[in-house]
Amino acid sequence: SSGINAEYGRPEFMKSGLSDETLSTIWRLSDISKTGSLSADEFCLAMYLIENAQRGKDPPPSLTPALVPPQYRHFLLKEMAPSSTSAPTLTRQDSIFTKAGFENKKLENFNKGEQELERRRLEIK
């Protein structure tokens, strides 16, 4: 996929001096499209959240509509839509900001596959 992947994004995020947990949360929130890479708009959102965190404001538990770039608001609407199944929400607990997440490419590929399946499942609803 195009965009800024973990290989390039991680060093930029690490320059912030924030904790791995905070950076992981920011990456998860900023990857609105759930591709594992950040588009230019998603990267800008991440940088905004990083700057806020550096000023002492914790990242929100989820993005408010005002934070979501216009071209990604359809993802927000899908997340807010009631689901007929109780499928678990996919999270990136083993994030690129932990040693295991950064080094374990097999797990990362598996997670990407799971995210793609979830995205497709939501599209056919």
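What is the handedness of the crossing of H1 and H2? The crossing is right-handed, where right-handed describes a near helix turned clockwise from the far one by less than a right angle, and left-handed one turned anticlockwise. Helices here are DSSP runs of H or I with at least four residues, numbered from the N terminus.

This is a predicted model, in which local features need pLDDT of at least 70 and side-chain atom pairs count only at pLDDT 80 or more, while totals for chains, interfaces and linings use all residues. Residues are numbered from 1 along each chain as its sequence is written, and side-chain values use heavy atoms, leaving out hydrogens and water.

The pLDDT, the predictor's confidence in each residue from 0 to 100, averages 76 over the protein, and 70% of the residues score at least 70. Helix H3 (residues 40-54) has the highest confidence, at a mean of 94, and helix H5 (residues 99-103) the lowest, at 45. Residues 83-95 have a pLDDT below 50, and this stretch has 20 contacts (heavy atoms within 4.5 Å) beyond near neighbours in sequence. Residues 99-103 are also below 50, with 9 such contacts in the model. Where pLDDT is low, the predicted coordinates should not be read in detail.

Two packed helices are described by the angle between their axes and the distance between the axes. Axes are lines fitted to C-alpha atoms, for helices over the stretch in contact, and angles run from 0 to 180 degrees between N-to-C directions. The axes of H1 (residues 6-14) and H2 (residues 20-30) come within 11 Å and cross at roughly 130 degrees. H1 is therefore oblique to H2, given that angles under 35 degrees count as roughly parallel, over 145 as roughly antiparallel, 65 to 115 as roughly perpendicular and the rest as oblique. On the H1 side, Ala6, Gly9, Phe13 and Met14 meet Asp20, Leu23, Ile26 and Trp27 of H2.

H2 also packs with H3, at an angle of about 145 degrees and with the axes 9 Å apart; this crossing is right-handed. Thr22, Leu23, Ile26, Leu29 and Ser30 in H2 meet Glu42, Leu45, Ala46, Leu49, Ile50 and Ala53 in H3.

Aromatic rings of Phe, Tyr and Trp (its six-membered ring) pair if their centres lie within 6.5 Å; planes under 30 degrees apart count as stacked, over 60 as edge-to-face and the rest as tilted. The count comes to 2 aromatic pairs. In one of them, the ring centres of Phe13 and Phe43 are 6.4 Å apart with planes at 40 degrees, so the pair is tilted. Because Phe13 lies in H1 and Phe43 in H3, the pair ties together parts that are 30 residues apart in sequence.

Terms used
Helices (H or I, at least four residues) and strands (E, at least two) are DSSP runs, numbered from the N terminus.
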